[in-house]
Amino acid sequence: MQVVLLQPPFFRCLGSHNNQVQLDLAYVSRFLDDAHIEHVVVNADHGFGGQRYVPWRELFEREESLRLAADGEHPILDEAVEYVLGFEPEVVVIAGGDTTIPTKNIGSPYIAAQVSKKIRKSGVRTVGIGPVFMKETGPFAKWFDGIFMSAVNRSIVDFLVDNDIGFMGGVPVGVVPCFDHVVHGRPSDLVMTAFGCAHDCSFCLFPVVYSQNVTFQLVETVLEDMEKRSKLVGNEMYLGDAIFPLNMRRLKVLADELEYTNYRFRCESRVVHCGQARIVGSDEAHRRQGGEGRAGEFG
Ligand code: SF4
């Protein structure tokens with residue numbers, strides 16, 4: 001079975017681009033690789049030389065382009081579909097995007113759905129992946145042959161083979177994402193160190209997907225992932241905890257393990273988790289790596 005893992009041209013439809021392959025697709029690639037399923041990873045959002053990144057303010061001013069894409073009328077969608085069909089796939093797995101363009105009825109999952117509709121016209125099966133499809137399961141169910149709405153986990157392989165619509169739990173603990181099959185795009189610098197979030201902000205999908213549970217990635221998996229990723233993207237990475245200093249014990253374990261590495265990283269937190277002890281703990285993680293300033297950029 002030839003499978004294409006596709007990141008639709010979300011930002012290219014708005015005149016910008018996103019060169020990094022979505023991490024979800026790299027996890028799916030790892031599971032397919034382990035199952036010896038032939039596949040390629042295509043980032044149709046990749047820019048072509050010299051293209052600039054467009055600031056958010058300008059992006060939101062381009063609502064008409066976004067509307068064209070969400071209605072399936074943007075020419076870049078047809079170009080992406082033609083490119084994908086050139087691989088003669090049996091199944092195309094289409095990432096729904098994250099909450100990058102979160103507007104109801106017009107966000108990234110709608111663009112993914114339009115790509116799906118166009119691909120299916122050629123008789124090729126499509127599967128949408130990503131929690132963003134939870135927003136409106138009714139219409140999305142019509143536009144794909146299957147939808148995998150949960151966090152990515154190993155059951156995606158059975159899901160692809162069985163072709164069903166469903167929701168499976170589980171997170172990729174102990175799994176290192178694979179970028180070996182990327183034919184178009186650049187590996188992501190996002191390294192997942194935990195999955196889920198302890199909070200329940202109403203605008204966020206995390207509480208729905210993870211039920212306010214946080215699962216920490218195995219420390220040895222984080223280190224293996226960072227080592228492999230550093231060879232692809234360099235020593236600067238983005239750590240994927242929703243709230244990096246959430247758990248002091250965990251913070252200390254990571255700090256101890258990262259002590260003799262020369263990685264630099266960025267991470268996120270909430271203001272309520274930025275007490276002095278935690279910032280000092282994060283600083284410590286950074287200082288031990290030879291850094292001079294704070295541990296990361298808390299966003
Ligand atoms: S703290 Fe961040 S990740 Fe957690 S629920 Fe709120 S917005 Fe989502």
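Two strands pair if DSSP finds at least two bridges between them, and helices (H or I, at least four residues) and strands (E, at least two) are DSSP runs, numbered from the N terminus. With that in hand, here is a friendly tour of the protein. This is a predicted model, in which local features need pLDDT of at least 70, side-chain atom pairs count only at pLDDT 80 or more, and totals for chains, interfaces and linings use all residues. Residues are numbered from 1 along each chain as its sequence is written.

**Overall picture**
- The protein has 11 helices and 11 strands.
- Its 299 residues are 42% buried, where buried means that 20 or more other C-beta atoms, placed from the backbone, lie within 10 Å of a residue's own, exposed means 12 or fewer, and partly exposed is in between.
- Among contacts with a separation of 6 or more, 75% link residues 24 or more positions apart; a contact here needs C-beta atoms, placed from the backbone, within 7 Å.

**Strand S4 and its partners**
- Four of the five residues of strand S4 (residues 125-129) are buried, so the strand is mostly covered.
- Strand S3 (residues 91-95) runs parallel to S4 and is joined to it by five bridges, with Val91 opposite Arg125.
- S4 also runs parallel to strand S5 (residues 146-148), through three bridges; Gly128 has Ile147 of S5 as its bridge partner.

**A three-stranded open sheet**
- Three strands with parallel pairing form an open sheet in the order S7-S10-S11.
- Strand S7 (190-191) and strand S11 (264-266) are its edge strands, each pairing on one side only.
- Two bridges connect S7 with strand S10 (residues 236-239), and Val191 has Leu239 as its bridge partner in S10.

**Around the ligand**
- The ligand is surrounded by Cys197, His199, Asp200, Cys201, Cys204, Phe206, Pro207, Ala242 and Arg270, each with its C-beta atom, placed from the backbone, within 6 Å of the ligand.
- This shell has six nonpolar, one polar and two charged residues; Ala, Val, Leu, Ile, Met, Phe, Trp, Tyr, Cys and Pro count as nonpolar, Asp, Glu, Lys and Arg as charged, and the others, Gly among them, as polar.

**Two loop residues with positive phi**
- Most residues other than glycine have a negative phi.
- His36, not a glycine, has a positive phi of about 60°; His36 sits in the loop between helix H1 (23-34) and strand S2 (39-43), and counts as exposed because it has 6 C-beta neighbours inside 10 Å.
- Ser211 has a positive phi near 50° and lies in the loop between helix H8 (206-210) and strand S9 (215-216); Ser211 counts as exposed because it has 10 C-beta neighbours inside 10 Å.

Notes:
Contact = placed C-beta atoms within 7 Å.
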